[in-house]
Amino acid sequence: MLQNDLAFLQKEREEFKPEGEKRSDELMGTVASERERLRAGFRELQRFLREQEDALLARLDEAHGELAERRGEYVGSVSARRSLLDAAVAEIEKKRDQPDMEFLMDIDSTLSSCEAAKAPLPEPVPSALRRRVCSLSETSELVLGALAEFRADLLSKVDRERAKVTLDPETANPYLVLSNDGKTLRLGKRHQDLPDAPGRFTGSSSVLGAQGFAAGRHYWELEVGDGDSWAVGVAVESVRRKESLTLAMGGIWALRRDWDRGYSALTMPPIPLVLEEEPRRIRVHLDYEAGEVTFYNLENMTQIFQFKASFTEKVFPYFWLWSEGSYIQLCA
């Protein structure tokens, strides 16, 4: 047996050429290359932004300097006009009490002083300069808007876990009112006349997201305001839609705020939660393979609760609302 093992191991030694280090080196080289590419790209972007910033600030500084110069000239004109008015008033008051002959002497000079004192003041800011300041203000607004769009676009491309979730009107309970963009959910005052399709919730005031997930890590964020009687989370595609929320909870993993303003995790039975802060903006994070549904308070990114599950079918964002004073709004 040893002889056979020896022969086998000798052959293995001769053919032993593991390539793990080579693959690791290749990957390390890729990481180093991408790191340098990113640094170069960000350096170039920073240089471009600094150039644009310097150019725009220089134009604003130039306009500010011209405005300051014009202001100084205007203040000087106002001061001179005030002195001229004081002198003209004093001269007229003195003149009107003089005898006729003395009054008529040098009257032309007095009248000239009056006309000079009545002349309009120069325009404080020329119209061309005003137009230039308005144009610079519009340019500044456009640049700031473009920077905000760029930042949001970059974050959305880098953060590939963020899901674009909208509400599915085909699943909404007839008492629920959805906004036209599918982002906001409210409770209506009356039952809407909607077809009772198999996918529509009729036993509870619930609605699903239009986008479902069968793999991967995803999250979406929402605002719940200060109202009560709401729940947010996930539900399996086969969740019971014609039953009450209590009976359908077998396929739902959600955070709920009750009518008494207490919080609970919708398990069987529900688990009461004691929260230090009442969350107004919530992140719902789904890790399909790990079977985790985690809720975070967006204000400080503290974890509220985490469900452990085992998903075997498609999972959808889930929303429940039963209070006219509440709303649920998906964040962009």
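How exposed is Glu73, and what is its relative accessible area? I looked this up to open my notebook: Glu73 is partly exposed, with a relative accessible area of 41%. Buried means under 20% relative accessible area, exposed over 50%, and partly exposed in between (1.4 Å probe, protein chains only).

**Ground rules.** I am working on a predicted model, where local features need pLDDT of at least 70 and side-chain atom pairs count only at pLDDT 80 or more, while totals for chains, interfaces and linings use all residues. Residues are numbered from 1 along each chain as its sequence is written, and side-chain values use heavy atoms, with hydrogens and water left out.

**Salt bridges.** I searched for these next (a side-chain nitrogen of Lys or Arg within 4 Å of a carboxyl oxygen of Asp or Glu), and the structure holds 22. Glu73 has one with Arg70, at 3.7 Å from N to O. Arg70 is partly exposed at 32% relative accessibility. Because Glu73 and Arg70 are 3 residues apart in helix α2, about one helical turn separates them. I noted that helices (H or I, at least four residues) and strands (E, at least two) are DSSP runs, numbered from the N terminus. Glu51 and Arg47 also form a salt bridge, with their closest N and O atoms 2.3 Å apart. I then found a network of salt bridges that links Asp226, Asp228, Arg257, Arg261, Glu278 and Arg280.

**Sheet.** Which strands form the open sheet, and in what order? I traced 6 strands in the order β3-β12-β5-β6-β7-β8, with antiparallel pairing. Two strands pair if DSSP finds at least two bridges between them. At the edges I found β3 (206–208) and β8 (271–273), each pairing on one side only. Between β6 and β7 (residues 263–265) I found 3 bridges. Arg257, from the salt-bridge network, has Tyr263 in β7 as its bridge partner.

**Rings.** For aromatic pairs, rings of Phe, Tyr and Trp (its six-membered ring) need centres within 6.5 Å; planes under 30 degrees apart count as stacked, over 60 as edge-to-face and the rest as tilted. I get 8 aromatic pairs by this rule. Phe213 and Trp220 have ring centres 5.8 Å apart and planes at 15°, so they are stacked. Phe213 is buried at 8% relative accessibility, and Trp220 is buried at 2%. Trp253 and Phe311 are edge-to-face, 5.2 Å centre to centre with 85° between the planes. This pair links distant parts of the chain, 58 residues apart.
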